[in-house]
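Trainee: I want to know what stands behind the terms used for this model. Can we go through them one at a time?
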Amino acid sequence: MKNLAPKLSHDQYEKNFEEIHPPFSSNSAVAEANRCLFCYESPCTKACPTHIDIPAFIKKISTGNLLGSAKTIFESNWAALTCAKACPVQVLCEGACVFNDKEEPPIQIGRLQRFAIDNYFEKGMPKLFKRGDKKEKSIGIVGSGPAGLACGAELALIGYDVTIYEANQIPGGLNSWGIAPYKTRQADSLKEVDLVKSFGVKVQTNMSVGKNISFNELKDKHDAVFLGIGLGESTDLKISGENLTGVVNAIEFIEEVKKEKWSSVNIGKRVAVIGAGNTSIDAATESIRLGAEEVMILYRRSEEEMSAYEFEFELAKKDGVIFHFLTSPKKIIGKTSVEGIECIKMTLIDAEKGRRRKPVEIPNSNYIIPVDMVIKAIGQGAKTEFLNSITGLKIGDGKVIVNPRNYQTGNEKVFAGGDCINGGKEVVNAAYDGKMAAHGIHKYLSAK
Amino acid sequence: MVDLSVNCGGIKSPNPFWLASAPPSNSAYQNCKAFEQGWGGTVWKTVGEPVMNVCNRYGSIDYNGQKIAGINNIELISDRPADVNFKEIAETKKLWPDRAVVVSLMVESKKEAWHDMVKRTIDTGADGIELNYGCPHGMSERGMGSAVGQVPEYCKMITEWVTAVSTIPVLVKLTPNVSNIVLPARAAKAAEASGISLINTINSIMGIDLDTFKILPSVAGKSSHGGFAGPAIKPIALHMVSQVAADKEVNLPISGIGGISNWRDALEFILLGASSVQVCTAVMHHGFRIVQDMIEGLTFWMEEKGFSSLDEVRGKSLPQLEEFGNFNLLHKTVARIDQDKCIHCNLCHIACEDGAHQCIDLITENGNTKTVVRESDCVGCDLCAIVCPVEGCISMVRQDDGKEEKTWNELMAEFKKEGKDLSWENLGEFQKKHGIVIH
């Protein structure tokens with residue numbers, strides 16, 4: 001890279017990446033829990049994609065029944081710790097809290113959930129769940145992200161023999177590799193993996209399906225298969241200069257940061273992040289935290305069309321990220337390393353009814369922004385090659401098509417959930433899919 | 001495995017949580033719904049004399065933004081005919097054979113009337129009878145409810161009428177609106193009751209509307225005292241339960257009532273000797289579903305503490321009850337403030353300075369204020385630790401080694417033996433000898 005941002009001290013890195021939502025003390029947790037109205041048929045529970053009985057778990061915090069609280073949470077969501085820290089609560093449970101209608105701050109549901117779950121892990125994961133009678137059937141799960149873990153946990157508790165195949169050395173999928181470290185650390189995700197393992201689920205790491213074991217072999221070995229494989233490669237910008245040193249894709253960049261070896265991640269002095277989704281925000285805020293002097297987000301549409309959540313946008317602005325809206329990259333400039341990015345100004349024209357306004361270039365509005373690093377964050381494609389190798393499986397719009405009732409794919413033995421069926425949503429959606437698919441699989445196997 | 005089942009004076013239930021005789025236990029619909037959620041028993045809302053209710057029936061106090069620290073009511077006993085209630089009781093018991101169905105009764109003070117009600121109750125298949133001697137409003141003016149509970153002789157007489165003909169256990173529910181709760185309890189014992197339920201509600205007025213001058217609750221501009229219940233009355237109830245539980249003459253199983261909202265509250269009653277507990281206000285606030293946390297929380301607590309049955313827990317705290325004269329005068333604690341945890345609200349200083357013994361100094365160092373205990377002057381009253389908003393910031397640290405003990409009763413006996421009067425001089429001499437400085 002042409003201009004590297006100077007490395008920071010260890011303490012400075014730790015300070016930059018410290019949690020943005022610190023844990024409650026038990027005093028404050030109980031006070032906050034008592035503020036909860038304990039609504040009946042509550043809007044927060046409805047807003048949670050996994051439908052955690054939120055008033056019940058909060059009530060249990062108020063009475064000091066912390067194990068019962070954790071149990072209530074896990075009964076709905078096996079990615080409870082990650083969700084407590086990384087869920088976009090503002091648009092889910094907390095956004096639905098009745099206090100919003102009273103113009104009062106909503107109950108801090110995410111932090112309360114974390115309080116109960118932290119206590120559960122601190123207590124050394126006391127046994128809360130009983131496994132059902134052993135069943136003679138086995139399920140193979142591809143991917144140990146939130147969908148795969150949730151599916152594995154449910155099936156193991158029903159009594160099935162479950163093996164999760166994970167290509168990476170460290171399990172947990174995006175929970176381990178894809179969430180900004182100021183929200184969750186890898187250690188959090190690994191606790192959830194340990195919990196699922198405690199139900200008897202086997203997790204084989206360094207086991208890439210398609211490489212170390214063929215899909216057909218896996219399919220023959222098990223009575224059913226669940227795909228929780230997430231998405232594939234980052235989408236290319238398809239402009240010249242993309243091969244220059246200093247051009248990276250956001251997913252790889254975020255994974256590198258997630259190793260928590262901050263000083264070994266090279267970061268340019270001036271960084272341009274292309275795209276304005278939640279992944280772009282993570283890449284931008286992490287760049288700032290690694291010491292970049294100037295970080296900008298380039299987006300060809302306007303603030304209105306941006307897919308990043310409002311609170312993520314606010315966080316980025318607070319961090320000092322500069323937003324260039326209606327700006328599209330034309331080419332990346334540099335000899336061997338990135339030196340700048342040529343952009344063109346855009347304008348939006350009305351599109352067909354129901355579709356987003358369309359960006360078009362303003363002729364001769366090209367200009368060059370000097371940058372040292374370009375992070376591509378304009379989305380990810382499906383793992384098409386792998387998916388195409390599965391007989392009967394159907395893909396539409398880059399997503400695996402499943403029966404929404406039981407998560408079964410076009411191949412009756414194969415079920416799927418998480419990002420690979422929804423194109424990339426929240427951890428909580430994946431956790432819900434995995435759980436529901438497990439019941440789809442159970443029904444399918446019971447009928448056989 | 002933890003066993004939560006209880007036997008309260010011969011009335012058995014799978015867990016100690018019963019609905020109290022009150023609005024939530026008014027009908028078969030409600031009691032059956034409660035059983036579905038897990039309640040171990042119910043005391044059916046009092047069946048008896050014809051009554052008519054009024055609007056409105058409740059008043060409540062909020063505390064610092066929290067709803068219902070306590071609620072009072074002027075609702076009467078069941079306003080549905082006795083026949084309807086008995087029919088529903090029989091149906092409910094048939095559907096829920098493993099739960100305790102106790103029927104609360106109240107009729108005029110005539111032997112025949114009571115005999116008739118007891119017989120009809122037994123015919124329903126109910127597990128027990130609870131005699132309502134507690135209702136402090138509406139019924140008492142008609143010579144029933146607390147009018148009975150307040151006079152041990154009446155209490156004994158009516159209980160005798162009932163126990164003479166009852167083939168099922170009889171609990172006597174006491175009013176707290178007396179000067180000594182033990183006396184009606186002893187009367188119930190003398191009349192061969194199977195157990196005591198306490199406490200009923202406390203005479204109260206909930207407040208005055210400062211704009212309209214209305215006394216709350218108000219019935220079209222008229223008001224009267226009502227029965228106070230809910231979280232605020234728990235300490236009073238705990239005390240009365242402990243008095244009855246500790247009385248050797250009473251020596252009967254207890255069904256504890258009064259401000260129980262969760263499993264922790266319930267445990268406190270059980271630790272003071274209650275066999276079962278009864279709940280009303282918390283259900284009126286949040287519904288029958290609260291029992292799920294009660295059962296689960298109690299189970300986890302028992303597992304954590306290594307108890308397998310409530311028999312091992314019941315009355316466990318009772319031996320600590322002592323009269324003041326037997327407390328050790330030489331036990332000494334002082335407050336210690338953890339400066340790292342202190343958030344500098346200075347509430348401990350002002351509480352001690354104005355409300356206690358002026359031994360927490362407010363010191364300014366480099367422009368920052370700091371609260372420091374003058375331990376030599378600290379009387380160990382605990383007020384500062386109580387007002388401190390930070391967990392674990394102020395602790396009361398024991399100073400004596402526990403080897404030396406002298407109670408007031410022992411000291412007085414000593415004085416007597418040595419021919420000394422109880423005078424300030426003689427007391428001062430004792431204090432001086434033990435380094436106790438009063439200022």
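Trainee: What share of the contacts in chain B between residues at least 6 apart in sequence join residues at least 24 apart?
Mentor: The share is 72%. Keep in mind that this is a predicted model. A contact here needs C-beta atoms within 7 Å.

Trainee: How many residues of chain B count as buried, as a percentage?
Mentor: Of its 439 residues, 43%. To be called buried, a residue needs 20 or more other C-beta atoms within 10 Å of its own.

Trainee: What else describes chain B as a whole?
Mentor: Chain B has 14 helices and 20 strands. Its C-alpha atoms fill a box of roughly 75 × 55 × 50 Å along the principal axes.

Trainee: How is chain B divided into domains?
Mentor: Domain 1 covers 6-318, and domain 2 covers 324-398. Their C-alpha centres are 41 Å apart. The bounds come from an automatic or database domain assignment.

Trainee: How many residues does each chain bring to the contact between chain A and chain B?
Mentor: Chain B brings 11 and chain A brings 13. On the chain B side, α8 (263-271) and α10 (290-305) each give two or more residues. α10(B) gives the most, with 4 residues.

Trainee: What classes of residue make up that side of chain B?
Mentor: There are 2 nonpolar, 5 polar and 4 charged residues on the side of chain B that touches chain A. Charged means Asp, Glu, Lys or Arg.

Trainee: Now chain A. Why is A:T347 called partly exposed?
Mentor: A:T347 has 13 C-beta neighbours inside 10 Å. Buried takes 20 or more, and exposed takes 12 or fewer. The count of 13 falls in between, so A:T347 is partly exposed.

Trainee: Where does A:T347 lie, and what does A:T347 touch?
Mentor: A:T347 is part of strand β10 (residues 340-349) of chain A. Leaving out residues up to four places away in sequence, A:T347 touches A:L326, A:V360 and A:I362.

Trainee: What makes both faces of strand β13 of chain A count as covered?
Mentor: Look at each side of β13 (residues 373-376). On one side, A:M373 and A:I375 are buried. On the other, A:V374 and A:K376 are buried. Each therefore meets the cut-off of 20 or more C-beta neighbours within 10 Å.

Trainee: How do you know which strands pair with β13(A), and in what sense?
Mentor: Pairing calls for at least two bridges. Strand β5 (residues 247-249) of chain A has 3 bridges to β13(A), in the parallel sense. Strand β6 (residues 270-274) of chain A has 4 bridges to β13(A), also parallel. Both counts reach the cut-off, so both strands pair with β13(A).

Trainee: Which residue in β13(A) is the bridge partner of A:N249, and which of A:I274?
Mentor: A:K376 is the partner of A:N249. A:K376 is also the partner of A:I274.

Trainee: What are the domains of chain A?
Mentor: Domain 1 is 21-122, domain 2 is 138-232 + 381-447, and domain 3 is 247-376. The C-alpha centres of domain 1 and domain 2 of chain A are 26 Å apart. Their contact takes 13 residues from domain 1 and 20 residues from domain 2. Helix α6 (residues 80-86) of chain A gives the largest share of the domain 1 side, 5 residues. That side has 9 nonpolar, 3 polar and 1 charged.

Key
Residues numbered from 1 in each chain as written. Chains lettered and ligands numbered in written order. Predicted model: local features only at pLDDT ≥ 70, side-chain atom pairs only at ≥ 80, totals over all residues. Contact = placed C-beta atoms within 7 Å.
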